[in-house]
Amino acid sequence: MELQNNNRSSSSFEISKGSTLMQEKHGKSQRVRHKSTQFEDNLLHEENTRLIYINDPRKTNDKYEFTGNEITTSKYTLITFLPKNIFIQFHRVAYLYFLAIAALNQLPPLAVFGRTVSLFPLLFVLCVTAIKDGYEDWRRHRSDQKENNREALVLQGDRFQLKKWKKIRAGEVVKILSDETIPCDMVLLSTSDPSGLAYIQTMNLDGESNLKTRYARQETVSAGPEDPISGPIREDSVSGLIRCEQPNRNIYEFTANMEFNGQKFSLSQSNIVLRGCQLKNTESIIGVVVYAGQETKAMLNSAASPSKRSRLEGYMNRETLWLSVFLLVMCMVVACGMGLWLLRHKEELNTLPYYRKVYFTYGKDKFKKYKYYGIPMETFFSFLSSIIVFQIMIPISLYITMELVRLGQSYFMIEDRHMYDSSSGSRFQCRSLNINEDLGQIRYVFSDKTGTLTENKMEFQRASVYGNNYGSSLLVTDSFEGQGTAAKAVGRRRWKLNSEIAVDYELMELLTKDLAGDERIAAHEFFLTLAACNTVIPIPSSGRSSSFIGSESLDNVETISYQGESPDEQALVSAASAYGYTLFERTSGHIGIEINDKRLR
């Protein structure tokens, strides 16, 4: 390392060049290489192996067996909307009941209401639900169209040019810039880092906000495509063959090998970036598309949009079944009574009031049967007529009211000012109106670790240095005003954390003393180890602020934050920065740590 003093003459000393990061990276690559080698021979002889010709999409897809990069998350099309939506709606038991009632009312012997009028309530509730479902699916279509029409840099000829996502094909070479989203699953060829290192955020895949590392093989980094700013791309620098497995849902494994510039080597999960990930802390990466569109691992893991039903709707289905059973029992009782009455008075049917078997009028209809079909059929018609008469036991108006209430609820939820996020300028979004009543209701809780449903917040509270415990007198660094050398040391710092961290005043006083004495050296090595031995990525902010110590204002204080795979490491590095040991730079070859006004490289 080199110790640079900005205020005094510089001096230097040497320490071992081996770092924990490089050892961990080397060990990981050895394990991955051993695992990939086991599958290499089998992969070469499998008949269903996918062949990807780098920068040759036409040869890659000569049999037209690969899909394009266009994705679809919607449920309906113009052709399938009506039959599919009606089929889904009739999963409600009550709708089947109302359909049966409307069908019975179309039969002349059973018509109780007007034939057309009996269809209006059912048609109304079906139309309201269909309009609601159509609007929700239209929003999915709009989201798909926006996603498919995004643009990325694709190698065309000897230059990278913008191309819509939906037109990207397997085998094409794509360049991704910092903070951009990966449009498809790609094998890394090179990165802006000379060692082929890249950092990605996989929040859209697994919910993890921590950065993960990916690597381009050194064989492709050294001979891969150059940045187009420096000149045209050489055709021979982007040609080769990748043999990989068929598309699958496993986002944590990838088995393949590559032939590049006469060399053959294996690829693993650390060499591929997946659709939906974001590139972070890396200027750019260049990769070749191996899976596109619906064949990407992200899309294979996203199930089709389900038909969601609330718990209240399930409860209503069960109640409708029980009411239907009770209704059938009532109608059977009425039909049995009707049959017994007809048997008892079968000889008197022509003379009883309100019932007769033949016409009594003179003319051609005299003594003809008058709507009489025999005792068995009359009993059956009585059963069906009773169903129509007692249909109000299951009111269709309840379902019409529920649909209208859901529409009203969605309006109030969207317009709720307390649900407005001012930082992003976004409102509450009600994507599925069928489950409004389930909002906020929890029945089961499954959690695999701390941080899934709670905030995984790690804070540095106490430390034991050289046999002494520190942490009993915690203060925020801004409250050190007028408290000796610790306040002056804090005021001279160039870096400031985004979040405030409480530190121990006694330990701060110890760290501001001259580097002499066993306890002072132990404290120095303790915090130097915290700042150096980790995989955390420092992210300096572009903005600058001012720091105040008493009445004195110190300008050009830069803010810094940290990202890493482990929140424990982030907490330890942030604590080291609060105590004056700031990790401000990390590259593939070195790290930079600033101790008050001194810099270590």
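**Confidence, a strand and a helix**

The protein chain has a mean pLDDT (the predictor's confidence in each residue, from 0 to 100) of 78, and 76% of its residues reach 70 or more. This is a predicted model, in which local features need pLDDT of at least 70, side-chain atom pairs count only at pLDDT 80 or more, and totals for chains, interfaces and linings use all residues. Residues are numbered from 1 along each chain as its sequence is written, and side-chain values use heavy atoms, without hydrogens and water.

Reader: Which strand pairs with β6 over five bridges?

Author: Strands are DSSP runs of E, at least two residues long, and helices are runs of H or I, at least four, numbered from the N terminus. Two strands pair if DSSP finds at least two bridges between them. Strand β4 (residues 151-156) has two bridges to β6, in the antiparallel sense. Five antiparallel bridges join β6 to residues 284-291, strand β15.

Reader: Which residue in β15 stands opposite valine 174?

Author: Strand β6 covers residues 173-177, and four of its five residues are buried (under 20% relative accessible area; exposed is over 50%, partly exposed in between; 1.4 Å probe, protein chains only). Lysine 175 of β6 is the bridge partner of leucine 153. Opposite valine 174 stands glycine 287.

Reader: Against which helices do the buried residues of α3 pack?

Author: In α3 (residues 81-89), the residues Asn85, Ile88 and Gln89 are buried. Seen down the helix axis, the directions to their C-beta atoms fall within an arc of 100°, so these residues line one face of α3. The face turned away carries exposed Pro83 and Phe87. By contacts (heavy atoms within 4.5 Å), the buried residues pack against α4 (93-104) and α5 (120-148).
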